[in-house]
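Please consult the sequence and the structure shown here while reading.

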Amino acid sequence: MMLETQAIGESLGVRFLIPVDRRIKGAGDVGEHRTSMLQDLERGRPMEIDALITAVQELGRPTGQPTPTIDSVLALVRRDGDPTRVL
């Protein structure tokens, strides 16, 4: 997902200073913690799916960047299972 997001951002002119593998390592170095989306799920609150995932997918369309992983994740978290549905 991070590579897909980076490709979309770069096609829009965003410059990424930290490579994805370094970001992943940094997240692992933080140690045990719960992401905000996981905390929302555990507390029965609405998750920020649209802001964190759907928005990136939508930006992929006009840039022509494929989003197969993002599409799969959206299909898993949406109740209707439709990864192409725009909310």
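The model is a predicted one, in which local features need pLDDT of at least 70 and side-chain atom pairs count only at pLDDT 80 or more, while totals for chains, interfaces and linings use all residues. Residues are numbered from 1 along each chain as its sequence is written, and side-chain values use heavy atoms, with hydrogens and water left out.

**Overall architecture**

- The protein has five helices and zero strands; helices (H or I, at least four residues) and strands (E, at least two) are DSSP runs, numbered from the N terminus.
- In sequence order the pattern reads α-α-α-α-α.
- The C-alpha trace spans about 35 × 35 × 15 Å along its principal axes.
- Of the 87 residues, 20% are buried, where buried means under 20% relative accessible area, exposed over 50%, and partly exposed in between (1.4 Å probe, protein chains only).
- Contacts are defined by heavy atoms within 4.5 Å; among those between residues at least 6 apart in sequence, 44% join residues at least 24 apart.

**Surface and charge**

- The 11 positive and 13 negative charges have mean positions 4 Å apart.
- In this count Lys and Arg are positive and Asp and Glu negative, with His and the chain ends not counted; each charge is placed at NZ of Lys, CZ of Arg, CG of Asp or CD of Glu.

**Helices α1 and α2**

- The buried residues Glu4, Gln6, Ile8 and Gly9 belong to α1.
- The buried residues of α1 pack against α2, α4 and α5 (68-77).
- Gly13, with a positive phi near 95°, follows α1.
- Helix α2 (residues 20-30) lies largely in the open, because one of its eleven residues is buried.

- His33 is in the loop between α2 and α3 and counts as partly exposed, at 46% relative accessibility.
- Although 43 residues separate His33 and Leu76 along the chain, their C-alpha atoms are 23 Å apart.
- Pro46 occupies the loop between α3 (36-42) and α4, where it is exposed with a relative accessible area of 69%.
- Pro46 and Ser36 are ten residues apart along the chain, and 11 Å separates their C-alpha atoms.

- Thr54 lies in helix α4 and counts as buried at 2% relative accessibility.
- Leaving aside residues up to four places away in sequence, Thr54 touches Ile49, Leu74 and Arg78.
- The largest pocket has a volume of about 210 Å³; the residues lining this pocket include Met1, His33, Leu52 and Ile70.
- The elements that give two or more residues to this lining are α1 (2-11) and α4 (49-63), and α4 gives the most, with three residues.
- On a 1 Å grid over the protein atoms alone, a pocket is an open set of points where a 1.4 Å probe fits, with protein on both sides within 12 Å along at least five of seven lines, and lining residues have an atom within 4 Å of a point.
- Grid points are joined across faces, edges and corners, and the volume is the space filled by probe spheres set on the points.
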